[in-house]
Amino acid sequence: MIEIKDLCKEYTMGDTVVKALDNINLNIKENEFVSIIGPSGSGKSTLMNILGCLDVSDSGSYVFEDIKVEKATEKELTKIRNRQIGFIFQNFNLLNKLNALENVEVPLLYRGISEKECRAVALEYLEKVGLKGREHHRPNQLSGGQQQRVAIARALVGNPKLLLADEPTGALDSKTSKEIMELIKELHKQGQSIILITHDSNIAKQAERVVTIEDGKLYA
Amino acid sequence: MRFFQTIKLAIKNIRSNKLRSALTMIGIIIGISSVIVLVGMGSGSTKQITSQVQSLGTNLISANTSSNGNKQFTLDNVKDIEQIQGVDKVAPVISTNTTVKVDKNSQSTSVTGTTSNFLDIRNMTISEGRFIADLDVDYRGKVAVLGSDIAQQLYGFTDPVGKDIDIKGSTYQVVGVLKSQGSSMGNNTDDMIIIPSTTAIGLAGTRNVQNVYIKSSNDKDVDSVTNQVNQYLTSFFKSTDSSNRVMSQKQLLDTMSSITSTMTYLLGGIAAISLVVGGIGVMNVMLVSVSERTKEIGIRKSLGGSRKDILIQFLIEALVLSSLGGVLGILFGLGLGWAVSALGMSMTFSIPVVVVAFSFSLAVGIIFGIFPAYKASKLKPIDALRFE
(Lines give C-alpha, C1' and ligand atoms only; values in the text may rest on other atoms or scores of the structure.)
Protein backbone atom coordinates (compact mmCIF):
# COMPACT_ATOMS: atom_id res chain seq x y z
CA MET A 1 0.00 0.00 0.00
CA ILE A 2 2.81 2.38 0.90
CA GLU A 3 6.25 2.42 -0.68
CA ILE A 4 8.80 4.96 0.43
CA LYS A 5 12.21 5.14 -1.25
CA ASP A 6 15.13 7.37 -0.30
CA LEU A 7 12.96 10.02 1.23
CA CYS A 8 14.82 13.15 2.31
CA LYS A 9 13.71 16.31 4.08
CA GLU A 10 15.90 19.14 5.35
CA TYR A 11 15.32 22.19 7.48
CA THR A 12 17.50 25.26 7.66
CA MET A 13 17.71 26.62 11.21
CA GLY A 14 19.80 29.78 11.10
CA ASP A 15 23.21 28.64 9.83
CA THR A 16 22.79 24.91 10.28
CA VAL A 17 21.04 22.55 7.95
CA VAL A 18 19.18 19.82 9.82
CA LYS A 19 18.50 16.56 8.03
CA ALA A 20 15.11 15.67 9.45
CA LEU A 21 14.74 12.65 7.19
CA ASP A 22 17.82 10.99 5.76
CA ASN A 23 17.14 8.47 2.98
CA ILE A 24 14.14 6.80 4.53
CA ASN A 25 13.03 3.50 3.03
CA LEU A 26 9.78 1.98 4.25
CA ASN A 27 7.15 -0.41 2.92
CA ILE A 28 3.77 -0.93 4.51
CA LYS A 29 1.19 -3.47 3.41
CA GLU A 30 -2.56 -3.30 3.74
CA ASN A 31 -4.08 -4.21 7.07
CA GLU A 32 -0.73 -3.79 8.82
CA PHE A 33 -0.45 -2.12 12.22
CA VAL A 34 2.98 -0.47 12.31
CA SER A 35 4.36 1.72 15.04
CA ILE A 36 7.23 4.13 14.48
CA ILE A 37 9.14 4.87 17.66
CA GLY A 38 11.81 7.46 18.22
CA PRO A 39 12.92 10.12 20.64
CA SER A 40 11.99 13.72 20.37
CA GLY A 41 13.64 15.34 17.34
CA SER A 42 14.17 12.04 15.59
CA GLY A 43 12.12 13.11 12.61
CA LYS A 44 9.08 10.96 13.37
CA SER A 45 6.66 13.87 13.17
CA THR A 46 8.20 14.98 9.89
CA LEU A 47 7.79 11.47 8.53
CA MET A 48 4.20 11.32 9.65
CA ASN A 49 3.41 14.67 8.03
CA ILE A 50 4.80 13.44 4.73
CA LEU A 51 2.97 10.12 5.10
CA GLY A 52 -0.23 12.09 5.65
CA CYS A 53 0.30 14.35 2.63
CA LEU A 54 0.44 17.39 4.88
CA ASP A 55 4.00 18.15 3.87
CA VAL A 56 6.16 17.40 0.86
CA SER A 57 9.57 15.75 0.84
CA ASP A 58 12.60 17.40 -0.72
CA SER A 59 13.63 14.27 -2.62
CA GLY A 60 12.86 10.59 -2.88
CA SER A 61 9.61 8.89 -3.75
CA TYR A 62 6.45 8.18 -1.87
CA VAL A 63 3.92 5.94 -3.55
CA PHE A 64 0.54 5.64 -1.85
CA GLU A 65 -1.88 3.21 -3.45
CA ASP A 66 -0.20 3.63 -6.83
CA ILE A 67 -0.24 7.40 -6.57
CA LYS A 68 3.12 9.16 -6.81
CA VAL A 69 2.58 11.62 -3.99
CA GLU A 70 5.66 13.79 -4.60
CA LYS A 71 4.37 14.43 -8.12
CA ALA A 72 0.75 14.98 -7.11
CA THR A 73 -1.06 18.29 -7.46
CA GLU A 74 -2.53 20.16 -4.49
CA LYS A 75 -5.97 19.01 -5.65
CA GLU A 76 -4.94 15.38 -5.68
CA LEU A 77 -3.30 15.66 -2.26
CA THR A 78 -6.46 17.22 -0.85
CA LYS A 79 -8.45 14.32 -2.20
CA ILE A 80 -6.10 11.83 -0.58
CA ARG A 81 -6.35 13.65 2.76
CA ASN A 82 -10.11 13.62 2.49
CA ARG A 83 -10.75 10.09 1.32
CA GLN A 84 -7.73 7.89 1.92
CA ILE A 85 -6.17 9.05 5.17
CA GLY A 86 -7.55 9.66 8.62
CA PHE A 87 -5.59 11.58 11.26
CA ILE A 88 -5.46 11.44 15.00
CA PHE A 89 -3.30 13.99 16.76
CA GLN A 90 -1.83 14.18 20.24
CA ASN A 91 -3.85 17.26 21.10
CA PHE A 92 -6.99 16.02 19.33
CA ASN A 93 -7.27 19.03 16.97
CA LEU A 94 -11.04 19.21 17.14
CA LEU A 95 -12.89 22.33 16.00
CA ASN A 96 -13.90 23.95 19.27
CA LYS A 97 -16.89 25.90 17.98
CA LEU A 98 -18.56 22.72 16.70
CA ASN A 99 -20.06 19.94 18.77
CA ALA A 100 -18.96 16.30 18.55
CA LEU A 101 -21.42 15.42 15.82
CA GLU A 102 -20.54 18.44 13.71
CA ASN A 103 -16.84 17.69 14.11
CA VAL A 104 -17.25 14.17 12.82
CA GLU A 105 -19.30 15.39 9.85
CA VAL A 106 -16.60 17.69 8.46
CA PRO A 107 -14.73 15.23 6.17
CA LEU A 108 -18.04 14.09 4.70
CA LEU A 109 -19.25 17.64 4.16
CA TYR A 110 -16.11 18.33 2.15
CA ARG A 111 -17.16 15.52 -0.17
CA GLY A 112 -20.36 17.42 -0.97
CA ILE A 113 -22.64 14.89 0.67
CA SER A 114 -26.04 16.06 1.86
CA GLU A 115 -26.30 17.16 5.47
CA LYS A 116 -28.88 14.50 6.27
CA GLU A 117 -26.61 11.70 5.12
CA CYS A 118 -23.57 13.19 6.85
CA ARG A 119 -25.51 13.37 10.08
CA ALA A 120 -26.59 9.74 9.88
CA VAL A 121 -23.12 8.38 9.16
CA ALA A 122 -21.51 10.59 11.79
CA LEU A 123 -23.94 9.35 14.42
CA GLU A 124 -23.09 5.80 13.44
CA TYR A 125 -19.38 6.32 13.97
CA LEU A 126 -19.81 8.18 17.24
CA GLU A 127 -21.72 5.18 18.47
CA LYS A 128 -18.94 2.89 17.26
CA VAL A 129 -16.43 4.70 19.45
CA GLY A 130 -18.80 4.54 22.39
CA LEU A 131 -19.97 8.13 22.50
CA LYS A 132 -23.67 7.67 21.96
CA GLY A 133 -25.54 10.40 23.84
CA ARG A 134 -22.69 12.89 23.70
CA GLU A 135 -23.25 14.02 20.11
CA HIS A 136 -24.16 17.57 21.03
CA HIS A 137 -21.36 18.16 23.49
CA ARG A 138 -18.66 20.63 22.56
CA PRO A 139 -15.00 19.61 22.95
CA ASN A 140 -14.69 21.69 26.11
CA GLN A 141 -17.51 19.65 27.59
CA LEU A 142 -15.73 16.34 26.94
CA SER A 143 -12.87 14.63 28.73
CA GLY A 144 -9.54 14.04 26.98
CA GLY A 145 -10.38 10.45 26.26
CA GLN A 146 -13.77 11.37 24.89
CA GLN A 147 -12.25 14.06 22.69
CA GLN A 148 -9.80 11.55 21.27
CA ARG A 149 -12.68 9.21 20.56
CA VAL A 150 -14.43 11.97 18.65
CA ALA A 151 -11.20 12.49 16.72
CA ILE A 152 -11.02 8.76 15.96
CA ALA A 153 -14.63 8.77 14.77
CA ARG A 154 -13.86 11.76 12.58
CA ALA A 155 -10.76 10.06 11.20
CA LEU A 156 -12.70 6.92 10.28
CA VAL A 157 -16.00 8.41 9.14
CA GLY A 158 -14.95 8.52 5.50
CA ASN A 159 -13.65 4.95 5.47
CA PRO A 160 -10.02 5.79 4.80
CA LYS A 161 -7.44 3.28 3.72
CA LEU A 162 -4.94 4.46 6.32
CA LEU A 163 -5.27 5.68 9.90
CA LEU A 164 -2.36 7.86 11.02
CA ALA A 165 -2.00 8.37 14.75
CA ASP A 166 0.54 10.89 16.06
CA GLU A 167 1.08 10.22 19.79
CA PRO A 168 -2.60 9.48 20.28
CA THR A 169 -2.21 8.87 24.01
CA GLY A 170 0.28 11.64 24.67
CA ALA A 171 -2.24 13.88 26.40
CA LEU A 172 -4.15 11.16 28.25
CA ASP A 173 -3.75 9.46 31.63
CA SER A 174 -2.75 5.80 31.79
CA LYS A 175 -6.26 4.45 32.21
CA THR A 176 -7.65 6.42 29.27
CA SER A 177 -4.55 5.60 27.26
CA LYS A 178 -5.31 1.95 27.72
CA GLU A 179 -8.89 2.46 26.55
CA ILE A 180 -7.79 4.31 23.46
CA MET A 181 -5.15 1.70 22.62
CA GLU A 182 -7.80 -1.03 23.01
CA LEU A 183 -10.00 0.85 20.59
CA ILE A 184 -7.14 1.18 18.11
CA LYS A 185 -6.29 -2.52 18.36
CA GLU A 186 -9.95 -3.37 17.84
CA LEU A 187 -9.96 -1.26 14.68
CA HIS A 188 -6.94 -3.15 13.43
CA LYS A 189 -8.73 -6.41 14.07
CA GLN A 190 -11.54 -5.17 11.89
CA GLY A 191 -9.09 -4.70 9.05
CA GLN A 192 -7.96 -1.08 9.35
CA SER A 193 -4.37 -0.26 8.31
CA ILE A 194 -2.73 1.82 11.03
CA ILE A 195 0.54 3.68 11.42
CA LEU A 196 1.16 4.92 14.94
CA ILE A 197 3.94 7.35 15.92
CA THR A 198 5.13 7.45 19.52
CA HIS A 199 8.11 7.87 21.82
CA ASP A 200 6.71 5.39 24.32
CA SER A 201 7.92 1.83 23.87
CA ASN A 202 5.00 0.42 25.88
CA ILE A 203 2.64 1.88 23.34
CA ALA A 204 4.82 1.00 20.38
CA LYS A 205 5.10 -2.69 21.20
CA GLN A 206 1.30 -3.07 21.09
CA ALA A 207 1.56 -2.90 17.32
CA GLU A 208 2.25 -5.73 14.89
CA ARG A 209 5.55 -4.29 13.71
CA VAL A 210 7.84 -1.74 15.27
CA VAL A 211 10.15 0.51 13.30
CA THR A 212 12.69 2.75 14.99
CA ILE A 213 13.67 6.19 13.80
CA GLU A 214 16.68 8.10 15.07
CA ASP A 215 18.35 11.21 13.68
CA GLY A 216 16.35 10.92 10.53
CA LYS A 217 17.30 7.34 9.81
CA LEU A 218 15.00 4.36 9.97
CA TYR A 219 15.89 1.06 11.58
CA ALA A 220 13.64 -1.94 11.19
CA MET B 1 -19.09 21.69 0.87
CA ARG B 2 -22.57 22.52 -0.21
CA PHE B 3 -23.50 26.21 -0.51
CA PHE B 4 -26.13 26.23 2.20
CA GLN B 5 -23.72 24.52 4.62
CA THR B 6 -21.19 27.25 4.02
CA ILE B 7 -23.76 29.93 4.77
CA LYS B 8 -24.74 28.18 7.98
CA LEU B 9 -21.09 27.89 8.96
CA ALA B 10 -20.57 31.60 8.23
CA ILE B 11 -23.55 32.57 10.37
CA LYS B 12 -22.29 30.33 13.15
CA ASN B 13 -18.87 31.95 13.08
CA ILE B 14 -20.36 35.45 13.02
CA ARG B 15 -22.59 34.68 15.97
CA SER B 16 -19.77 33.18 17.97
CA ASN B 17 -18.18 36.60 18.24
CA LYS B 18 -21.15 38.95 18.35
CA LEU B 19 -19.34 42.04 19.57
CA ARG B 20 -16.67 41.90 16.92
CA SER B 21 -19.17 41.22 14.18
CA ALA B 22 -21.35 44.11 15.35
CA LEU B 23 -18.42 46.53 15.42
CA THR B 24 -17.39 45.43 11.93
CA MET B 25 -20.87 45.94 10.58
CA ILE B 26 -21.18 49.45 12.01
CA GLY B 27 -18.99 50.84 9.26
CA ILE B 28 -21.18 49.34 6.58
CA ILE B 29 -24.40 50.29 8.36
CA ILE B 30 -23.31 53.92 8.62
CA GLY B 31 -22.17 53.93 5.00
CA ILE B 32 -25.34 52.44 3.58
CA SER B 33 -27.74 54.43 5.73
CA SER B 34 -26.02 57.69 4.92
CA VAL B 35 -26.16 56.90 1.20
CA ILE B 36 -29.90 56.32 1.49
CA VAL B 37 -30.61 59.39 3.62
CA LEU B 38 -28.38 61.82 1.71
CA VAL B 39 -29.46 60.66 -1.73
CA GLY B 40 -33.05 60.72 -0.50
CA MET B 41 -32.63 64.31 0.66
CA GLY B 42 -30.98 65.30 -2.58
CA SER B 43 -33.64 63.80 -4.79
CA GLY B 44 -36.33 65.07 -2.42
CA SER B 45 -35.24 68.64 -2.89
CA THR B 46 -34.94 68.09 -6.64
CA LYS B 47 -38.51 66.86 -6.70
CA GLN B 48 -39.73 69.73 -4.56
CA ILE B 49 -38.11 72.38 -6.69
CA THR B 50 -39.22 70.69 -9.89
CA SER B 51 -42.83 70.52 -8.78
CA GLN B 52 -42.78 74.12 -7.60
CA VAL B 53 -41.47 75.28 -10.93
CA GLN B 54 -43.81 72.99 -12.80
CA SER B 55 -46.83 74.25 -10.89
CA LEU B 56 -46.33 77.54 -12.65
CA GLY B 57 -46.49 75.78 -15.98
CA THR B 58 -43.50 74.86 -18.09
CA ASN B 59 -44.64 76.96 -20.99
CA LEU B 60 -44.37 80.12 -18.93
CA ILE B 61 -41.82 82.66 -20.10
CA SER B 62 -40.97 85.81 -18.27
CA ALA B 63 -39.43 88.78 -20.10
CA ASN B 64 -37.75 91.66 -18.36
CA THR B 65 -38.83 94.76 -20.24
CA SER B 66 -37.60 97.47 -17.85
CA SER B 67 -36.07 100.45 -19.52
CA ASN B 68 -32.31 100.53 -19.95
CA GLY B 69 -32.36 104.27 -19.98
CA ASN B 70 -32.74 104.73 -23.72
CA LYS B 71 -36.13 103.46 -24.55
CA GLN B 72 -39.28 102.62 -22.72
CA PHE B 73 -41.30 99.52 -23.29
CA THR B 74 -44.96 100.52 -23.14
CA LEU B 75 -48.34 98.77 -23.24
CA ASP B 76 -48.48 99.38 -27.00
CA ASN B 77 -45.29 97.37 -27.50
CA VAL B 78 -46.86 94.46 -25.66
CA LYS B 79 -48.99 93.84 -28.72
CA ASP B 80 -45.81 93.23 -30.78
CA ILE B 81 -44.84 90.41 -28.48
CA GLU B 82 -48.29 88.95 -28.82
CA GLN B 83 -47.72 88.69 -32.59
CA ILE B 84 -44.67 86.45 -32.22
CA GLN B 85 -45.29 82.97 -33.55
CA GLY B 86 -45.95 80.39 -30.88
CA VAL B 87 -47.21 82.90 -28.34
CA ASP B 88 -50.57 82.02 -26.87
CA LYS B 89 -51.17 84.78 -24.31
CA VAL B 90 -49.32 87.72 -22.82
CA ALA B 91 -49.77 89.74 -19.65
CA PRO B 92 -47.80 92.91 -18.95
CA VAL B 93 -46.82 93.73 -15.36
CA ILE B 94 -46.39 97.22 -13.99
CA SER B 95 -45.24 97.25 -10.38
CA THR B 96 -45.16 100.15 -8.04
CA ASN B 97 -44.82 100.70 -4.30
CA THR B 98 -47.47 102.73 -2.63
CA THR B 99 -49.67 103.15 0.47
CA VAL B 100 -52.78 101.06 0.79
CA LYS B 101 -55.44 101.82 3.38
CA VAL B 102 -58.49 99.97 4.65
CA ASP B 103 -60.41 101.87 7.36
CA LYS B 104 -57.71 102.81 9.82
CA ASN B 105 -55.31 100.06 8.64
CA SER B 106 -52.63 101.56 6.41
CA GLN B 107 -49.71 99.74 4.79
CA SER B 108 -46.92 100.46 2.38
CA THR B 109 -46.94 97.67 -0.13
CA SER B 110 -46.40 96.81 -3.76
CA VAL B 111 -49.28 97.09 -6.21
CA THR B 112 -49.24 95.15 -9.46
CA GLY B 113 -50.96 96.30 -12.63
CA THR B 114 -51.81 93.71 -15.24
CA THR B 115 -54.45 92.35 -17.62
CA SER B 116 -57.03 89.56 -17.50
CA ASN B 117 -54.62 87.01 -19.05
CA PHE B 118 -52.47 87.17 -15.92
CA LEU B 119 -54.70 84.74 -14.06
CA ASP B 120 -54.38 81.99 -16.64
CA ILE B 121 -50.72 82.56 -17.47
CA ARG B 122 -49.69 82.46 -13.83
CA ASN B 123 -51.84 79.42 -13.13
CA MET B 124 -53.85 81.12 -10.41
CA THR B 125 -57.49 80.77 -9.40
CA ILE B 126 -60.06 83.09 -7.94
CA SER B 127 -61.55 82.05 -4.64
CA GLU B 128 -64.09 84.86 -4.36
CA GLY B 129 -65.50 87.39 -6.75
CA ARG B 130 -63.72 87.84 -10.09
CA PHE B 131 -60.40 88.79 -11.63
CA ILE B 132 -59.52 91.95 -13.61
CA ALA B 133 -61.63 92.02 -16.77
CA ASP B 134 -60.82 93.44 -20.21
CA LEU B 135 -63.41 96.12 -19.59
CA ASP B 136 -61.55 97.25 -16.47
CA VAL B 137 -58.41 97.63 -18.57
CA ASP B 138 -60.27 99.47 -21.36
CA TYR B 139 -61.87 101.93 -18.97
CA ARG B 140 -59.07 102.22 -16.44
CA GLY B 141 -61.38 100.90 -13.79
CA LYS B 142 -60.49 101.50 -10.18
CA VAL B 143 -60.85 97.85 -9.17
CA ALA B 144 -58.52 95.62 -7.16
CA VAL B 145 -58.02 91.88 -6.70
CA LEU B 146 -56.36 90.78 -3.46
CA GLY B 147 -54.12 87.86 -2.61
CA SER B 148 -55.44 85.60 0.16
CA ASP B 149 -52.94 86.69 2.81
CA ILE B 150 -53.27 90.41 2.31
CA ALA B 151 -57.06 90.12 2.13
CA GLN B 152 -57.06 88.53 5.58
CA GLN B 153 -54.59 91.10 6.85
CA LEU B 154 -56.72 94.05 5.75
CA TYR B 155 -60.24 92.71 6.19
CA GLY B 156 -59.91 90.00 8.80
CA PHE B 157 -62.55 87.35 8.27
CA THR B 158 -65.05 89.55 6.48
CA ASP B 159 -65.48 89.09 2.76
CA PRO B 160 -63.55 91.90 1.04
CA VAL B 161 -65.50 91.65 -2.24
CA GLY B 162 -67.49 94.82 -2.78
CA LYS B 163 -65.64 96.73 -0.08
CA ASP B 164 -63.53 99.80 -0.58
CA ILE B 165 -59.78 100.01 -0.55
CA ASP B 166 -57.75 103.22 -0.65
CA ILE B 167 -54.73 103.09 -2.96
CA LYS B 168 -52.53 106.17 -3.02
CA GLY B 169 -55.39 108.42 -2.04
CA SER B 170 -57.94 107.02 -4.52
CA THR B 171 -60.80 104.72 -3.65
CA TYR B 172 -60.86 101.37 -5.43
CA GLN B 173 -63.36 98.61 -5.12
CA VAL B 174 -62.30 95.06 -4.28
CA VAL B 175 -63.76 92.74 -6.92
CA GLY B 176 -62.03 89.49 -6.11
CA VAL B 177 -59.78 87.44 -3.84
CA LEU B 178 -57.19 84.94 -5.12
CA LYS B 179 -56.89 81.39 -3.88
CA SER B 180 -53.85 80.81 -1.71
CA GLN B 181 -50.86 79.46 -3.60
CA GLY B 182 -48.17 79.61 -1.01
CA SER B 183 -44.79 81.04 -1.77
CA SER B 184 -42.75 79.52 -4.54
CA MET B 185 -39.30 80.59 -5.56
CA GLY B 186 -39.47 83.81 -3.61
CA ASN B 187 -42.63 84.90 -5.32
CA ASN B 188 -45.42 85.27 -2.83
CA THR B 189 -48.63 85.70 -4.78
CA ASP B 190 -50.75 85.66 -1.63
CA ASP B 191 -49.52 89.17 -0.81
CA MET B 192 -50.40 90.71 -4.16
CA ILE B 193 -52.72 93.61 -4.80
CA ILE B 194 -53.67 93.54 -8.48
CA ILE B 195 -55.22 96.45 -10.45
CA PRO B 196 -55.77 96.97 -14.18
CA SER B 197 -52.61 97.71 -16.16
CA THR B 198 -53.90 100.97 -17.55
CA THR B 199 -54.88 102.17 -14.07
CA ALA B 200 -51.41 101.27 -12.81
CA ILE B 201 -49.80 103.44 -15.47
CA GLY B 202 -51.65 106.40 -14.01
CA LEU B 203 -50.73 105.37 -10.48
CA ALA B 204 -47.07 104.83 -11.24
CA GLY B 205 -46.72 107.98 -13.26
CA THR B 206 -44.73 106.23 -15.96
CA ARG B 207 -45.55 104.24 -19.09
CA ASN B 208 -42.77 101.79 -18.37
CA VAL B 209 -43.81 98.12 -18.38
CA GLN B 210 -41.33 96.20 -16.24
CA ASN B 211 -42.23 92.63 -17.09
CA VAL B 212 -44.21 90.70 -19.60
CA TYR B 213 -45.40 87.19 -18.86
CA ILE B 214 -45.78 85.05 -21.91
CA LYS B 215 -47.46 81.71 -22.32
CA SER B 216 -46.41 79.67 -25.30
CA SER B 217 -49.00 77.56 -27.10
CA ASN B 218 -47.31 74.35 -26.18
CA ASP B 219 -44.21 72.98 -24.48
CA LYS B 220 -42.38 72.32 -27.73
CA ASP B 221 -42.44 75.96 -28.76
CA VAL B 222 -41.02 77.30 -25.50
CA ASP B 223 -37.40 77.44 -26.63
CA SER B 224 -38.14 79.04 -30.00
CA VAL B 225 -40.50 81.58 -28.46
CA THR B 226 -37.91 82.41 -25.82
CA ASN B 227 -35.31 83.04 -28.52
CA GLN B 228 -37.61 85.11 -30.65
CA VAL B 229 -38.73 87.32 -27.76
CA ASN B 230 -35.12 87.78 -26.76
CA GLN B 231 -34.21 88.80 -30.31
CA TYR B 232 -37.09 91.23 -30.44
CA LEU B 233 -36.16 92.86 -27.16
CA THR B 234 -32.47 93.04 -28.04
CA SER B 235 -33.27 94.92 -31.22
CA PHE B 236 -35.95 97.01 -29.48
CA PHE B 237 -33.58 98.23 -26.83
CA LYS B 238 -30.72 98.38 -29.33
CA SER B 239 -28.56 96.63 -26.76
CA THR B 240 -24.98 96.04 -27.61
CA ASP B 241 -24.55 93.43 -24.94
CA SER B 242 -26.40 90.18 -25.26
CA SER B 243 -28.07 90.56 -21.92
CA ASN B 244 -30.61 87.89 -21.44
CA ARG B 245 -33.89 89.51 -20.68
CA VAL B 246 -35.99 86.46 -21.30
CA MET B 247 -36.18 83.35 -19.23
CA SER B 248 -38.53 80.44 -19.57
CA GLN B 249 -39.67 78.32 -16.68
CA LYS B 250 -38.30 75.41 -18.62
CA GLN B 251 -34.82 76.95 -18.58
CA LEU B 252 -35.18 77.62 -14.89
CA LEU B 253 -36.31 74.05 -14.35
CA ASP B 254 -33.38 72.65 -16.30
CA THR B 255 -30.91 74.77 -14.37
CA MET B 256 -32.38 73.88 -11.00
CA SER B 257 -32.53 70.22 -11.93
CA SER B 258 -28.92 70.10 -12.93
CA ILE B 259 -27.87 71.91 -9.76
CA THR B 260 -29.77 69.56 -7.52
CA SER B 261 -28.63 66.51 -9.48
CA THR B 262 -25.04 67.55 -9.00
CA MET B 263 -25.73 68.10 -5.34
CA THR B 264 -27.29 64.66 -5.04
CA TYR B 265 -24.32 63.00 -6.71
CA LEU B 266 -21.96 64.89 -4.47
CA LEU B 267 -23.83 63.81 -1.35
CA GLY B 268 -23.97 60.28 -2.63
CA GLY B 269 -20.27 60.34 -3.32
CA ILE B 270 -19.46 61.49 0.18
CA ALA B 271 -21.61 58.75 1.59
CA ALA B 272 -19.89 56.23 -0.66
CA ILE B 273 -16.57 57.20 0.87
CA SER B 274 -17.83 56.17 4.28
CA LEU B 275 -18.84 52.87 2.70
CA VAL B 276 -15.29 52.32 1.49
CA VAL B 277 -14.04 52.97 4.99
CA GLY B 278 -16.56 50.44 6.25
CA GLY B 279 -15.22 47.96 3.74
CA ILE B 280 -11.69 48.45 4.97
CA GLY B 281 -13.00 47.68 8.43
CA VAL B 282 -14.41 44.40 7.15
CA MET B 283 -11.10 43.51 5.54
CA ASN B 284 -9.25 44.33 8.73
CA VAL B 285 -11.44 42.07 10.81
CA MET B 286 -11.32 39.28 8.27
CA LEU B 287 -7.52 39.38 8.21
CA VAL B 288 -7.42 39.17 11.99
CA SER B 289 -9.97 36.40 11.88
CA VAL B 290 -7.89 34.41 9.40
CA SER B 291 -4.82 34.86 11.56
CA GLU B 292 -6.67 33.73 14.67
CA ARG B 293 -8.12 30.71 12.95
CA THR B 294 -4.90 29.47 11.39
CA LYS B 295 -5.12 26.26 13.40
CA GLU B 296 -8.72 25.75 12.32
CA ILE B 297 -7.68 26.19 8.69
CA GLY B 298 -4.91 23.63 9.18
CA ILE B 299 -7.31 21.12 10.72
CA ARG B 300 -9.84 21.61 7.93
CA LYS B 301 -7.18 21.16 5.28
CA SER B 302 -5.98 17.99 6.97
CA LEU B 303 -9.52 16.67 6.81
CA GLY B 304 -9.68 17.28 3.09
CA GLY B 305 -10.69 20.89 2.80
CA SER B 306 -9.39 22.18 -0.52
CA ARG B 307 -8.04 25.67 -1.17
CA LYS B 308 -11.34 26.47 -2.82
CA ASP B 309 -13.28 25.24 0.22
CA ILE B 310 -11.31 27.47 2.56
CA LEU B 311 -11.46 30.48 0.24
CA ILE B 312 -15.20 30.18 -0.18
CA GLN B 313 -15.68 29.70 3.56
CA PHE B 314 -14.02 32.98 4.43
CA LEU B 315 -15.39 34.87 1.46
CA ILE B 316 -18.94 33.86 2.32
CA GLU B 317 -18.31 34.94 5.89
CA ALA B 318 -17.25 38.39 4.69
CA LEU B 319 -20.26 38.51 2.36
CA VAL B 320 -22.73 37.55 5.07
CA LEU B 321 -21.24 40.21 7.34
CA SER B 322 -21.40 42.93 4.72
CA SER B 323 -24.84 42.05 3.37
CA LEU B 324 -26.24 41.82 6.90
CA GLY B 325 -24.73 45.25 7.49
CA GLY B 326 -26.30 46.35 4.22
CA VAL B 327 -29.78 45.22 5.21
CA LEU B 328 -29.49 46.84 8.64
CA GLY B 329 -28.11 49.97 7.00
CA ILE B 330 -31.05 50.13 4.61
CA LEU B 331 -33.56 49.71 7.44
CA PHE B 332 -31.76 52.28 9.55
CA GLY B 333 -31.49 54.66 6.60
CA LEU B 334 -35.17 54.35 5.76
CA GLY B 335 -36.10 54.89 9.40
CA LEU B 336 -33.83 57.90 9.72
CA GLY B 337 -35.16 59.31 6.46
CA TRP B 338 -38.73 58.90 7.63
CA ALA B 339 -37.84 60.77 10.83
CA VAL B 340 -36.16 63.56 8.84
CA SER B 341 -39.19 63.93 6.56
CA ALA B 342 -41.44 64.10 9.60
CA LEU B 343 -39.40 67.10 10.70
CA GLY B 344 -40.32 68.82 7.47
CA MET B 345 -37.49 68.15 5.04
CA SER B 346 -38.63 66.55 1.85
CA MET B 347 -37.28 63.09 1.10
CA THR B 348 -37.91 60.68 -1.69
CA PHE B 349 -37.04 57.03 -1.57
CA SER B 350 -36.67 55.01 -4.67
CA ILE B 351 -36.28 51.27 -5.05
CA PRO B 352 -33.29 51.68 -7.39
CA VAL B 353 -31.34 53.52 -4.68
CA VAL B 354 -32.04 50.76 -2.17
CA VAL B 355 -31.04 48.09 -4.68
CA VAL B 356 -27.87 49.96 -5.61
CA ALA B 357 -27.01 50.49 -1.95
CA PHE B 358 -27.46 46.79 -1.20
CA SER B 359 -25.38 45.72 -4.18
CA PHE B 360 -22.74 48.13 -2.95
CA SER B 361 -22.64 46.33 0.38
CA LEU B 362 -22.28 42.98 -1.42
CA ALA B 363 -19.53 44.42 -3.57
CA VAL B 364 -17.76 45.69 -0.47
CA GLY B 365 -17.97 42.20 1.01
CA ILE B 366 -16.47 40.62 -2.08
CA ILE B 367 -13.77 43.21 -2.71
CA PHE B 368 -12.61 43.47 0.88
CA GLY B 369 -13.16 39.84 1.72
CA ILE B 370 -11.34 38.24 -1.18
CA PHE B 371 -7.83 39.10 -0.05
CA PRO B 372 -8.14 37.66 3.48
CA ALA B 373 -9.94 34.61 2.06
CA TYR B 374 -7.18 34.08 -0.46
CA LYS B 375 -4.57 34.36 2.27
CA ALA B 376 -6.41 31.75 4.30
CA SER B 377 -6.62 29.32 1.41
CA LYS B 378 -2.90 29.52 0.72
CA LEU B 379 -1.91 28.40 4.20
CA LYS B 380 0.09 25.17 4.22
CA PRO B 381 -1.68 22.60 6.37
CA ILE B 382 1.43 21.56 8.21
CA ASP B 383 2.43 25.12 9.06
CA ALA B 384 -1.09 25.95 10.10
CA LEU B 385 -1.35 22.92 12.37
CA ARG B 386 1.85 23.83 14.13
CA PHE B 387 0.45 27.28 14.90
CA GLU B 388 -0.52 27.76 18.50
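Me: Two strands pair if DSSP finds at least two bridges between them. Helices (H or I, at least four residues) and strands (E, at least two) are DSSP runs, numbered from the N terminus. With that settled, what is the strand order in the open sheet of four strands in chain A?

Reply: A word on the model before the answer: it is predicted, so local features need pLDDT of at least 70 and side-chain atom pairs count only at pLDDT 80 or more, while totals for chains, interfaces and linings use all residues. Residues are numbered from 1 along each chain as its sequence is written, with chains lettered from A and ligands numbered from 1 in the order in which they are written. The order in chain A is S2-S1-S4-S5, with antiparallel pairing. Strand S2 (16-28) and strand S5 (67-68) of chain A are called edge strands, as each pairs on one side only.

Me: How do you know that S1 and S4 of chain A pair?

Reply: Five bridges join S1 (residues 2-13) to S4 (residues 59-64), antiparallel; the rule asks for at least two, so they pair. One of the links is between A:Cys8 and its bridge partner A:Ser59. Helix H1 (residues 44-51) of chain A packs on this sheet, touching S1, S2 and S4.

Me: Now chain B. What makes the length of helix H8 (residues 222-236) agree with expectation?

Reply: The expected span is 1.5 Å times one less than the number of residues. For the 15 residues of H8(B) that gives 21 Å, and the end C-alpha atoms are 21 Å apart, so the two agree.

Me: Which residues of H8(B) are buried, and how do you know that they share a side?

Reply: Buried means 20 or more other C-beta atoms within 10 Å of the residue's own, exposed means 12 or fewer, and partly exposed is in between, with C-beta atoms placed from the backbone. B:Val222, B:Val225, B:Thr226, B:Val229 and B:Leu233 are buried. They cover an arc of only 100° around the axis, so they sit on the same side of H8(B); the arc is that of the directions from the helix axis to the C-beta atoms. On the other side, B:Asn227, B:Gln231 and B:Ser235 are exposed. Just after the helix, B:Lys238 takes a positive phi of about 50°.

Me: How many residues meet between chain A and chain B?

Reply: 19 residues of chain A are in contact with 17 residues of chain B. H2(A) gives the most to the side of chain A that touches chain B, with six residues.

Definitions and conventions:
Contact = placed C-beta atoms within 7 Å. Axes fitted to C-alpha atoms, helices over the stretch in contact; angles between N-to-C directions.
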